[in-house]
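Welcome to this guided tour! Please load the model in your viewer and keep the selection tool at hand.

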Amino acid sequence: MEFQSCFDIIGPIMVGPSSSHTAGVVSIGKFIYELLGDYPQETNIVFYDSFAETYQGHGTDKALIGGLLGMDTDDSRIKYALDKAKEYGMQYQFEFENDCEYMDHPNTTIVTAKRGDRVVKVGGVSLGGGLSKIFLIDEERVTIRLSAGDDFSILASPYQSKGKALVKAI
C-alpha cells in the first residue's frame with residue numbers, strides 16, 4: 001500500500017484544484033529541481049494518459065513547472081509558473097502520449113531536464129492525495145516515495161553524486 005497515513009489520502013495543504021494532478025506533480029518537479037540543484041534551463045515534459053488529456057484544466061502543466069522552479073505544493077505562485085519560467089529564461093516543451101513504456105498508470109510523466117552540462121531523465125507518477133513516486137532516473141528503475149512534507153534534497157542526494165560522476169567521466 002502506498003499510503004502511510006490518513007494525510008496521504010486527504011492530501012497536503014496545496015494550490016488546487018487536484019491533489020493528484022496538481023500537488024503530486026509539484027512534488028515530482030521539486031524532486032527534479034533538487035536533483036539538478038536548481039531549476040532546469042531546458043526541459044522536455046511528456047504527459048501520458050490522463051495527464052495528457054486534462055493537463056491544462058487541472059493545472060498539471062503549471063504544477064510541474066512550478067515544482068521545477070523549486071516551488072512547494074502550497075506556493076500561491078504556482079498559478080503563474082508558466083510566466084515565471086519565461087521570466088527565468090527556462091525553456092520548456094510539452095509532449096502528449098497515450099501509453100508509457102515504463103509505467104502503466106494514468107498520471108504519469110517523464111521529464112528530461114538540462115542545467116549546464118547536466119541532463120537527467122526522470123519518470124514520476126502521481127498516486128493521489130498529493131502522494132507521488134519517482135520510478136525512473138536516467139533509465140534506472142527506482143522507487144522513491146514523495147509526500148509534500150518530505151525533504152526532497154535528502155531524497156535526491158544519492159542520485160546527485162552519481163550524475164556528477166557521469167558528467168565528469170564524459
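One term comes first: a salt bridge is a side-chain nitrogen of Lys or Arg within 4 Å of a carboxyl oxygen of Asp or Glu. Keep in mind that this is a predicted model, where local features need pLDDT of at least 70, side-chain atom pairs count only at pLDDT 80 or more, and totals for chains, interfaces and linings use all residues. Residues are numbered from 1 along each chain as its sequence is written, and side-chain values use heavy atoms, with hydrogens and water left out.

**Stop 1: the whole chain**

Show the chain as a cartoon. Helices (H or I, at least four residues) and strands (E, at least two) are DSSP runs, numbered from the N terminus. The protein chain has six helices and six strands. Starting at the N terminus, you can follow the elements in the order α-α-β-α-α-α-β-β-β-β-β-α.

Now colour by accessibility. Buried means under 20% relative accessible area, exposed over 50%, and partly exposed in between (1.4 Å probe, protein chains only). Of the 170 residues in the protein chain, 50% are buried.

**Stop 2: the sheet**

Select the strands. Strands of a sheet pair through backbone hydrogen bonds, either parallel or antiparallel. For the pairing used here, DSSP must find at least two bridges between two strands. In this model six strands form an open sheet with mixed pairing, in the order S2-S1-S3-S4-S5-S6. Which strands are at the edges? They are S2 (91-97) and S6 (140-146), each of which pairs on one side only. Neighbouring strands of the sheet are turned by 20° against each other on average, direction ignored. For such angles, axes are lines fitted to C-alpha atoms (for helices over the stretch in contact), and angles run from 0 to 180 degrees between N-to-C directions.

Zoom in on S5 (residues 131-137) and S6, which pair in the antiparallel sense over five bridges. Here you can find Ile 134 standing opposite Ile 144 in S6.

Next, select helix H4 (residues 60-68). H4 lies across S1 (42-48), S2 and S3 (108-115), and runs at about 140° to S1.

**Stop 3: a residue inside**

Select Thr 109, which is found in strand S3. Is Thr 109 buried or exposed? Its relative accessibility is 0%, so Thr 109 counts as buried. Contact means heavy atoms within 4.5 Å, and Thr 109 touches residues including Ile 28, Ile 45, Phe 47, Leu 64, Val 122 and Phe 135, not counting residues up to four places away in sequence.

**Stop 4: the salt bridges**

Side chains of opposite charge can pair when their charged atoms come close.

Select Arg 115 and Asp 38. They form a salt bridge, with the closest N and O atoms 3.3 Å apart. This pair links distant parts of the chain: Arg 115 is in S3 and Asp 38 is in the loop between H2 (19-36) and S1, 77 residues apart. Arg 115 is partly exposed at 24%, and Asp 38 is partly exposed at 23%.

Move to Lys 84 and Glu 87, whose salt bridge has its closest N and O atoms 3.8 Å apart. Why are the two about one helical turn apart? Because Lys 84 and Glu 87 are three residues apart in helix H5 (residues 81-88). Lys 84 is partly exposed at 21%, whereas Glu 87 is exposed at 57%.

The side chains of Glu 139 and Lys 121 also meet in a salt bridge (2.7 Å, N to O). Glu 139 lies in the loop between S5 and S6 and Lys 121 in S4 (residues 118-128), so the pair ties together parts that are 18 residues apart in sequence.

**Stop 5: the rings**

Rings of Phe, Tyr and Trp (its six-membered ring) pair if their centres lie within 6.5 Å; planes under 30 degrees apart count as stacked, over 60 as edge-to-face and the rest as tilted. The count comes to three aromatic pairs. Tyr 39 and Tyr 88 form a tilted pair, 5.4 Å centre to centre with 40° between the planes. Tyr 39 is in the loop between H2 and S1 and Tyr 88 in H5, 49 residues apart.

Finally, select Phe 47, Tyr 92 and Phe 94, which form one aromatic cluster.
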